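Have the sequence handy as you read.

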Amino acid sequence: MQRVWVILGFLCAVGLLSAGVWSYGYRQALSQLSEKAEADLELAADRLSTQMQVYQELAVLMAKHPVLHALDTPQERRAARSLLLDMADKTAAVNMMYLDRTGQVLASALPVTEANIAGHPAFQRALHGALGSAHGVEPVSGNRIYSYAAPAFNEEGQVEGALMVVADVQDVEQTWRGSTEAVFFVDAEGVVFISNRSDLLFWQRAEGQSGLTPPQGGEVDFASSWVGPHELWKLNWGRYLPDRALHLMLDLPVIDMTAEVLVDVAPARRLAGLQAATVAAICLAFGALLYLATERRRALAEANTVLESRVAQRTRDLTAANTALRREVRERQEAETALKHAQEELIQAGKLSALGQMSAGISHELNQPLMAIRQFADNGAAFLTKGRAEKASENLTRISDMAARMARIIKNLRSFARNENEPMGKVDLVQVIDTAVELTESRLKAEGVTLDWVPPDSPVFAWGGEVRLVQVFVNLINNAADAMSQQDDRFVHIAIEAGEKLAVTVRDIGPGIENTEKLFEPFYSTKAVGSSEGMGLGLSISYGLVQSFGGNIRGANAQTGAVFTVELEFYREDEEV
């Protein structure tokens, strides 16, 4: 009963530790994600502000043009319309109009439906001598437009009219629509007026509300929460928006809007989950080994106690009879045999610790990219502060490359660690060997093993299971490295040969195979008992896996070292189930 409570306490401690690692890793990942999202949001906001500033400056500059201040004759008005049309064509403006103080349109690049727009908010602002701006939806076409009105002053400094430039918001959006993150711009009324996700257009946020509601109203799934300084949204608003997202906001007083971004936090959750799972697996493996060692020691102690009791009892009965003495001697010999067997089992249990040797490389493979990403992110932030956008973009590109490398390592480790029995089918043999090489790369570099593997230019498709084939080639590469561990020169060559069947050869320059007949028998190994390098099951397992694909594996001695050949069937379309 006491052991049960100890085991339960240990499991609870592992659970709490894993939860703590997950929470810490999640927060760290959110911080990095927030820095990237903030940079993306500022970039989108700067891009929009810059594009809209073109029309703003156009209105200010054209309001002073002398052609627009002399519109008394038909010829002068035609010249003004020609000038406005030419400028509208060159700047992609929807329309350009010159109005008098009453709001009457005196000249326009294109015909207008209303000859007097005195009530327009931008025009009203311009009458007061300031640059006016307004946005809305055009009644006829239904397009979203943004208008700028610049006042025109006479020689006495009084406002005598205004020049209005109308821009199509959809044309402005074209340059960044469909970018990775969901970015949208909300006006003062809480309406989404500009976005790179058309699903969000005209969604509205009521006063005091965190999320958005569709333009037609109705219920939507939404929940807001905080993880440290980060605001997270849980939403179900469409297939082009994440279910869980990091939400950031940025005020843009220049265009009287607020920029917001939604960034998917699924990668951060997966990274935190992988870190927690790794810590839990290491703790559980250590706990299991410790428990086995404790149980073995307790069993030996109990056996020794029983043995001593029996020896003492038999010693007191020595004078009783010679038959009893022989029986006692036989029991003593049996007890010694049981003790020796228990010791052999304890040695065998120590071999199980070798199964966790790959976990030591996980931290090294992930820590280097993580440190590099952090450094590049700090550099990128510094370059942005100094206005050096090209350097910042270069650092962001390096961060993306590092993240892709981490994603590839994690994907390979997860695929290799799966215990599922995937169905057989079409497998890219080149990709399988690349994955096996990547999984063993850290060890080969650490031990100074030179790997000669030149992938073919095109894929080679075989019939089998990808994860299980990776396990086969990982075993062969590790066995080759083990065989050369006691020599200075270490070289492994891998090649694909396509004949009647696909053949993959793994060749080393080690001492060769001692006994080829027992090579694939379970528990056959040339390593010393108690070695942490293996327990003699790797080649036996590999043999069974290759046989299950309808292939064959064999080992032989070459002039120098050993060569293992894996034969597989070519993939054929008619074999697919």
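## Helix α9

α9 bends by about 50 degrees at T440, the bend being the angle between axes fitted to the seven residues ending there and the seven starting there. Helices here are DSSP runs of H or I with at least four residues, strands are E runs of at least two, and both are numbered from the N terminus. This is a predicted model, where local features need pLDDT of at least 70, side-chain atom pairs need 80 or more, and totals for chains, interfaces and linings use all residues. Residues count from 1 along each chain as its sequence is written, and side-chain values use heavy atoms, without hydrogens or water.

T440 is also one of the buried residues of α9, including L429, V430, I433 and V437; buried means under 20% relative accessible area with a 1.4 Å probe, protein chains only. Just past the helix, G448 has a positive phi of about 70 degrees.

## Strand β4

I145 sits in β4, which covers residues 144-153. Why does I145 count as buried? Because its relative accessibility is 15%. Its contacts (heavy atoms within 4.5 Å) include H135, V166 and F193, leaving out residues up to four places away in sequence.

## Charges over rings

Look at K426, which lies over the face of F461, 4.2 Å from the ring centre. R269 does likewise over Y26, at 5.8 Å. The rule asks for NZ of Lys or CZ of Arg within 6 Å of the ring centre and within 35 degrees of the ring normal.

Note on methods:
Buried < 20%, exposed > 50% of the residue type's maximum accessible area, 1.4 Å probe, protein only.
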